[in-house]
Amino acid sequence: MDNTKKSSQLLSNTYIKFLITIVIGLIIWLIPPPTGVSITAWHMLAIFIGTIAGCILKPFPIGAVAIIGLTLSVLTNTVKLNTALGGFSQSSIWLIVMAFFISRGFIKTGLGSRIAYKFVKHFGKKTIGLCYSIIFCDLILAPATPSNTARAGGIITPIIESLAKTFKSNPKDGTARKIGSFLMFSEFHGNIITSAMFMTAMAANPLAKSLAEGFGIDITWSSWFLAALVPGIISLIVIPLVIYKLYPPEIKETPDAPKVAEDALKNMGKMKKDEILMALIFITVLILWIVGSLIDINPTLTAFIGLSLLLIFKILSFDDVKSEKGAWDVLIWFSVLVMMADQLNKLGLISYLRDIVKTDLTGFSWPIILIVLLLVYFYSHYIFASATAHVSAMYSAFLGIALAEGVPPMLAALALAFFGNLFASTTHYSNGPAPLLYSTGYVPQNKWWSLNFILGILYFIIWLGIGSLWWKVIGLY
């Protein structure tokens with residue numbers, strides 16, 4: 001009886017959330033468009049905002065919400081069917097899909113865990129060293145792991161929990177602060193930083209690239225990495241030290257950690273053939289991503305090469321490809337959101353919004369305008385439960401405003417893209433890894449929010465302070 005009531009309640013909640021998303025879209029649809037905005041553009045905005053609301057409220061999985069949004073956009077004759085399906089041909093979307101399969105190779109072969117344990121074995125004698133070993137493992141895996149949730153949850157978090165238990169640090173018995181709290185919160189921020197450093201390290205990054213292309217800005221894999229390199233490395237070094245001071249572990253020395261890692265590596269045995277091949281394929285893909293623009297090999301083609309090699313050498317089977325639900329899910333909702341955002345731009349709505357804001361910002365220099373936009377972009381994330389939904393909703397509009405006010409195009413596009421990761425330093429529901437790591441119970445909500453607020457300010461100092469000097473050196477402005 002209780003199960004029946006729970007099922008009924010869940011069903012009721014589902015349709016209440018769905019009704020809210022429909023009402024949001026319908027209200028906008030029925031409001032007469034302002035002067036200068038076509039009825040088609042206004043209807044596209046209504047469907048887009050309704051879809052984003054659905055992505056936030058999640059009455060259904062995000063892919064299902066996207067399909068409903070696509071169907072409504074065609075059914076209402078807001079876009080033609082061929083146009084609506086055009087997003088599925090975007091190369092940057094297929095890049096992220098292919099990268100999902102490459103990351104599956106790390107997990108299936110065990111190479112990801114082996115790399116993590118190797119770092120712990122060599123650098124884990126002190127708690128701070130253990131922390132850095134975990135974060136730098138995340139850094140190595142990041143370029144080929146587009147799901148930062150999979151990276152944090154599938155590879156890193158189980159290792160942290162294993163280490164925490166070794167040192168008898170458990171939130172259930174009040175010993176979380178011994179070591180587990182520090183390691184878990186540091187990994188959350190390490191994951192944020194590594195996600196910002198590589199175009200292929202987080203699902204919304206290629207979305208930002210696609211949206212930037214709508215403004216004629218071509219962000220390559222190597223240009224993204226180069227711009228993020230200095231502020232990223234500084235963040236990886238400084239942020240754990242700040243957490244160590246603000247939220248220190250009770251255990252400062254971890255002499256047993258290398259032994260735990262060594263035992264785990266012994267259980268894994270010698271590197272298997274599949275692991276060696278996985279490592280070689282990963283290095284090949286990484287090199288091609290770095291030099292691809294010089295030899296005219298598209299990043300998406302590189303990712304296809306990587307998957308082809310994984311299939312040829314039977315590291316992955318085609319059943320693995322078919323069963324990688326995350327990749328196919330991303331293909332669906334990414335394609336729809338990119339299509340909608342692209343249509344808003346083509347139909348002139350972004351230009352209209354840009355002209356409105358331009359009037360209010362007249363007289364300010366472009367550096368001030370960029371800072372203001374990034375501040376609003378960052379702190380508005382408190383109302384979002386998805387980094388991708390936030391990027392989908394606001395990236396194009398903010399980039400358009402920045403360009404209209406004279407911000408150098410590549411600087412504006414990359415700065416917004418980086419902060420599309422860094423704004424996760426807000427809540428315990430800010431991105432995919434946040435609720436996953438928070439749910440382990442090692443960091444209470446008040447600490448999660450207060451520490452994130454402080455570290456969020458530090459990200460602005462590092463990325464806009466030191467970062468802007470580096471961006472000047474490499475010619476972004």
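The following legends describe close-up views of a predicted model. Local features require pLDDT of at least 70, side-chain atom pairs count only at pLDDT 80 or more, and totals for chains, interfaces and linings use all residues. Residues are numbered from 1 along each chain as its sequence is written, and side-chain values use heavy atoms, with hydrogens and water left out.

**View 1. The largest cavity and its lining residues.** One cavity of 30 Å³ or more is found in a search of the whole structure; a cavity is a set of points, on a 1 Å grid over the protein atoms alone, where a 1.4 Å probe fits but cannot get out. The largest cavity holds about 40 Å³ of space, a volume being the space filled by probe spheres set on the points. Its lining (residues with an atom within 4 Å of a point) consists of Asn148, Asn191, Ile192, Ser195, Met202, Ala387, Gly420, Asn421, Phe423, Ala424 and Asn431. Helix H9 (180-197) and helix H20 (409-422) are the elements that give two or more residues to this lining; helices are DSSP runs (H or I, at least four residues) numbered from the N terminus. H9 gives the most, with three residues. By class, the lining has five nonpolar, six polar and no charged residues.

**View 2. The aromatic pair of Tyr15 and Phe60.** The structure has 27 aromatic pairs, counted where ring centres of Phe, Tyr or Trp (its six-membered ring) lie within 6.5 Å. The rings of Tyr15 and Phe60 have centres 6.1 Å apart and planes at 75°, so this pair is edge-to-face (planes over 60 degrees apart; under 30 is stacked and the rest tilted). Tyr15 belongs to helix H1 (residues 2-30) and Phe60 to the loop between helix H2 (39-57) and helix H3 (62-75), so the contact ties together parts that are 45 residues apart in sequence. Tyr15, with a relative accessible area of 47%, is partly exposed, and Phe60 is likewise partly exposed at 21% (buried is under 20%, exposed over 50% and partly exposed in between, with a 1.4 Å probe and protein chains only).

**View 3. The stacked pair of Tyr379 and Phe460.** Here the ring centres lie 6.2 Å apart and the planes meet at 10°, so the pair is stacked. Tyr379 lies in helix H18 (residues 366-379) and Phe460 in helix H22 (residues 445-473), so parts 81 residues apart in sequence are tied together. Tyr379 is partly exposed at 28% relative accessibility, whereas Phe460 is buried at 10%.

**View 4. An aromatic cluster that includes Tyr379 and Phe460.**

Conventions:
On a 1 Å grid over the protein atoms alone, a cavity is a set of points where a 1.4 Å probe fits but cannot get out, and a pocket is an open set with protein on both sides within 12 Å along at least five of seven lines; lining residues have an atom within 4 Å of a point. Ala, Val, Leu, Ile, Met, Phe, Trp, Tyr, Cys and Pro count as nonpolar, Asp, Glu, Lys and Arg as charged, and the others, Gly among them, as polar.
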